[in-house]
Amino acid sequence: MSEKKKAVYKPKPVSGFPEWLPEERLVEQKWFDHIRRIFERYGYCSIETPSVEELDVISAKGEVDKEIYVLERLHKDDEDDSEARLALHFDQTVPLARYVAQHFNDLVFPFKRYQMQRVWRGERPQAGRFREFYQCDIDVINVDNLPLHFDAEMPAIMWEILSGLPGMEKQNIRMRISNRKILLGIFEKYGLSNSSEILSLIDKKEKIPSAHFQKKLQTLINEGELYNEDIDRKLILSILTKLTEKEFSSAKEIKERIKEFGNKLIPKTREGIEELSFVMDQLSHLPKGAVMADLSIVRGLDYYTGTVYETVFLDDPSYGSICSGGRYDDLAGSYINKHLPGVGISIGFSRLFDRLRRQGAFETTRKSPADILMILYTEERRSEAAATARMLRDRNYNVELYHAPQKIKKQLSYAERKGIPYVWFPPFEDGQPHEIKNMAEGTQAEADPQNWEKDQK
RNA sequence: GCGACUGUAGCUCAGCGGUAGAGCACUCGGUUGUGGUCCGAGAUGUCGCGGGUUCGAACCCCGUCAGUCGCCCCA
């Protein structure tokens, strides 16, 4: 051997591109299984779209202020611009819109699909913020009209999923729902030149001390240029304050709240309130406090036109939303000459998973999917050990046959380190019994590979 | 894109001008057919990178890159 040191490129993680150890990945897979099972329980079908879309598809809706990753060949010629420019998708809604438009004639409507894929955003990574991460989306798209019941189905499905994920038992989360028509209606009636600034402030309400928020809201309303000079700025402030200062647990409460404004609200706002009330009514079967109506929810994506959702940890709302979405009037209009309204919601899978992982909210003792490690004494007894392993695999157990006839001590230590719960001892000599050892209990007993059952947990 | 802070062993960090350290993890051993604990031994570093100051730099200065956190925005 040469004494010279081999040059190594010291590996380091790429920030914002997470990867997990086997024991964490095992839990992640359980999460995916759980989510998939419930999506399918409600009749949603699975699709997968490519990681890339043409840049034209991604930007068809107009300006894209997302940090988009663009694909480029290392070997491309400088003057070669013949190929369409490709970009990694930053969500699953745009690819869905393209997909629906493209396969319009082959799909059955209302089209209900789920999609669990990675998406990419070139933003600055932070806790709970990645550049590559999983989203689990469900959407329903229909032609011309989409019943409002679906707006209630989205959070109902998500609540069922979130509350059943391993590790979520002790988490205190809340889904918040609003309807964009409510606030947008107010601004349509009482037009203010800086309405988007005001909306952005309202959306951040939770992060700002309330006294400070009030002052800022008032300043913005006073600064804004009115489209109609007759409008009373005090009234706008009063309406906005009343509507956004607290959460509502029921439809009744919302209506109670706006009664005093009566005819001062335009039909669009009323419509929004009616829709939100309907959705809240439909969700009354969920546990108390699980879902609240909160009119301060605005949400960034510009294609939402009605219902909007977000979900936060009550003890740490600034971590960001872990499950959000909304309704859009016409998603695929940029790709097909049809009117296709939809509603969808998405789990920020990686954000949620990483938080619980860091908190140690779920067990990560198993580094292997194996239920049983099969001991190998000597090469002479290998075929018997292998046959025993096959028998157990046929009975649906995951069995790993130890790779070399090493000391038992070593084989047990291997099982221990990988978190394999059982170790199987084939007969040491012909005529002797099989034995199974429960690693956690430290107990060992005779066993028959044809009818042994693992302990019920 | 802007701001603050941080880069030393696989990980967490100490050292802050005189030739690189700890804990954890890792490998081997503590004899016959049995893990975790304990004991013993061992391996491990361009002190992020480049330049400057100095007899001498992990340490001081300048630059640069990377990371973390906040802002923006969002899952």
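**Protein surface around RNA strand B**

In this predicted model, a polar backbone atom of S321 is 2.3 Å from a sugar or linking oxygen of RNA strand B. The model is predicted, and local features need pLDDT of at least 70, side-chain atom pairs pLDDT 80 or more, while totals for chains, interfaces and linings use all residues. Residues are numbered from 1 along each chain as its sequence is written, chains are lettered from A and ligands numbered from 1 in the order in which they are written, and side-chain values use heavy atoms, without hydrogens and water.

Around RNA strand B there are 40 residues, each with a heavy atom within 4 Å of the strand. R121, R129, R299, S321 and F428 come nearest. The surface holds twelve nonpolar, twelve polar and 16 charged residues (Asp, Glu, Lys and Arg count as charged; Ala, Val, Leu, Ile, Met, Phe, Trp, Tyr, Cys and Pro as nonpolar; the others, Gly among them, as polar). Of the RNA atoms within 4 Å of the protein, 52% belong to sugar or phosphate; the rest belong to bases.

Two further atom pairs involve Q135 and M439. A polar side-chain atom of Q135 lies 3.4 Å from a sugar or linking oxygen of the RNA. A backbone N or O atom of M439 lies 2.5 Å from a base nitrogen.

β6 (132-141), β10 (323-328), α13 (408-418) and β15 (434-438) each supply at least two residues of this surface. The largest share, seven residues, comes from α13.

Four of the five residues of β15 are buried (under 20% relative accessible area, 1.4 Å probe, protein chains only). β15 pairs in the antiparallel sense with β14 (residues 422-425) over four bridges and with β16 (residues 443-447) over five bridges. Pairing requires at least two DSSP bridges. N438 stands opposite T443 in β16. β15 and β16 form a hairpin with four residues between them, and G442 in the turn has a positive phi of about 80°.

Technical notes
Polar contact = N/O pair within 3.5 Å; in protein donor to acceptor, adjacent residues only side chain to side chain. Buried < 20%, exposed > 50% of the residue type's maximum accessible area, 1.4 Å probe, protein only.
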